[in-house]
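Biologist: Could you walk me through this one? I'd like to begin with the strands and then move on to the helices and any pocket.

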Amino acid sequence: MLSTPKELYTERITTLTEEIRQLNKHNRLIVVLELSAIVLAIACVVAYTMWSSVAALVVAALFVAAYVAIRWRDSTNSRSSEEKESLRSVYQKELHYLDGDFTDFPSGEKYVNPRHEFTLDLDIFGPQSLFHRINRTVTTGGSDFLAKELAETRVRTIDEIEARREAINELSEREALRTAFLAQGRGRQLNTASILAALQEVQQLKTPRLAAHRLTHIAAVGSIIVFYGLLAGAIFGPLPASLPLLWVLLQIMAVYLLFGRTLKHINRNINIILPRLGTYVNMIMLIVTADLKSREGRHIISQLSADKQDALKSFRLLKGIINALDQRNEVWVPISNALYLADYFIVRRFLLWQDRYMGHIGEWIAAVSHFDALVSMATFRYNEPAATDAKLVDADEVVYEAQGLYHPFLGGKAVRNDFTIADQHYYIITGANMAGKSTFLRSVGINYVLVCCGMPVFADSLRLSLFSLFSSMRTTDDLAHGISYFNAELLRLQQLIETCRQNRHTLIILDEILKGTNSLDKLNGSRLFLQSVSALPITGIIATHDLELSKMEQQYPDRFHNYCFEIRLSDEITYTYRLSEGVARNQNATYLLKNILKTALR
């Protein structure tokens, strides 16, 4: 049994590479056989024209049949080769991920929102972000669903998180299903919005409803029967040839006048989704046949496979209608309408499809998007076997007890720390530059986001309750709107207070309060802010370089606590990245600047 994701991906790539090589070898042989069959068939036809040999004609027919069979085999081999190439591409991208290269996946930069409660500060979106590491979505709807989950500010229930965790863990163990689903993307995302927009336009088309009426169906079938009766009478009986011809002309004219314009509008709008329909059919088939046991998985399947609202059947029927539209051309349209009223039956099939299924399309595409996001989260779960599931506590207060907590972006090189947060307590964290304060704050926040999404956390153990989260770590100015850095900080703190007032319990994570002002003003303002918000149902972690702020522990020993990341100074600086109780004694800014100046001014 393969023990690690890297071993499995490597083994799968090796196997698929060999299978693709064999298929390509067979394809070269098939091309030779195709050419041979055609040449020999032509030779037999030539022999028949020269010697009138019936045997030569029979052999020619056999070679033509052989050519058709070989072509079918060629098509099957080509499809198989494409599928295996797509699977191999999925595994290769996962190997890149394990090597720290995420460039194969969209980074989610479009979801960056500086005013969001925590996503900007915690690196949830953008290059090298959490989203960038998790995202494997093959539809833009799946990408949007995943982004919404990661940015959710509503406090979820334990049952919601447990249900999501159950679904993710189940899919993480279904490697073949996940890979087959991801392979449907063929290296590009399907634009869910454009598909829904095209279907919406089709839904709003003013189509003549008489085509769907039972009486017109009876009349159309009767008209076809009359035509063939007149044709038989003209060929084998006394009827003049002009009679079936006149009937045909009337049929063609009636169909064109009643349905020609409608078909043109349907064809123009619906052709947008033709290339994507096959992919949606394949994805839906994978989902509905997956035999998922988790509650969330079963719910998605039920959305797609209800008896009277079968998504797979619907998409297959729509694909058949679009294929029929695609095969229409100026030469064939009058002939097909003459022989069997093709345009009428296309419009009828579309109207019946529209009446029965159109109202459910949005729900079905949303279900596929939901599953798409789950596959991404489950792949992340599988790729990170060292991560663990957090223990959720049903408590009406902030509970956060971590053992061996670390940041998910650091992997095996991370230094793990233990940390316990008590409800409505404040933790002042001091330390030198680059000592680990900001990374630790982000570790606390990003692991909480993972918990809320039902994903594993990066800690030896994590026990916590569910609460609101707000951070202020990366405030920026906005010169285009005349907002200075300091003003932006004030606006962010105002947003923090308003958010906290709307929630029962909030954990705030702050990195340097009021950085945009002088030291004394900053210290006084920080004290005032912490004293004021301590009356609200807020729990906080505050990183600072201002050691004076740590004196709040002396004033409020029951609410404020000092922690630090200490460094050791000698000939070189030693960073331990270990969190301990107390106030940092050593700073490194002057030390580092002296070294830079010494080197630069030599």
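**Sheet, helix pair and pocket**

Modeller: Bearing in mind that this is a predicted model, there is an open sheet built from 4 strands in the order E3-E7-E4-E5, and its pairing is mixed.

Biologist: Which strands stand at the edges, each with a single partner strand?

Modeller: Those are E3 (391–392) and E5 (417–421), and because each has a single partner strand, one side of each is left without a neighbour in the sheet.

Biologist: And how many bridges join E4 to E5?

Modeller: E4, which covers residues 400–405, is joined to E5 by 4 bridges, and the two strands run antiparallel; within E5, Ile421 is the residue that Tyr400 stands opposite.

Biologist: Switching to helices, how do H1 and H2 cross?

Modeller: The axes of H1 (residues 5–51) and H2 (residues 54–98) come within 7 Å and cross at roughly 160 degrees, so the two helices are roughly antiparallel to each other. Their crossing is left-handed, and the contact of H1 with H2 has 30 nonpolar, 9 polar and 11 charged residues.

Biologist: What about the largest pocket, how much space lies in it?

Modeller: About 440 Å³. The lining has 22 residues, of which Tyr97, Leu98, Asn383, Glu384 and Gly411 are the closest to the centre of the pocket.

Biologist: Which elements give two or more residues to that lining?

Modeller: H1 and H2 do, together with H3 (130–134) and H15 (361–383). By class, the lining of the largest pocket divides into 13 nonpolar, 4 polar and 5 charged residues.

Conventions:
Residues numbered from 1 in each chain as written. Predicted model: local features only at pLDDT ≥ 70, side-chain atom pairs only at ≥ 80, totals over all residues. Heavy atoms only, no water. Axes fitted to C-alpha atoms, helices over the stretch in contact; angles between N-to-C directions. Parallel < 35°, antiparallel > 145°, perpendicular 65-115°, else oblique. Left-handed = near helix turned anticlockwise from the far one by under 90°. Nonpolar A, V, L, I, M, F, W, Y, C, P; charged D, E, K, R; others polar. 1 Å grid on protein atoms, 1.4 Å probe; cavity = no way out; pocket = protein on both sides within 12 Å on 5 of 7 lines; lining within 4 Å. Points joined across faces, edges and corners; volume = space filled by probe spheres on them. Pairing = 2+ DSSP bridges.
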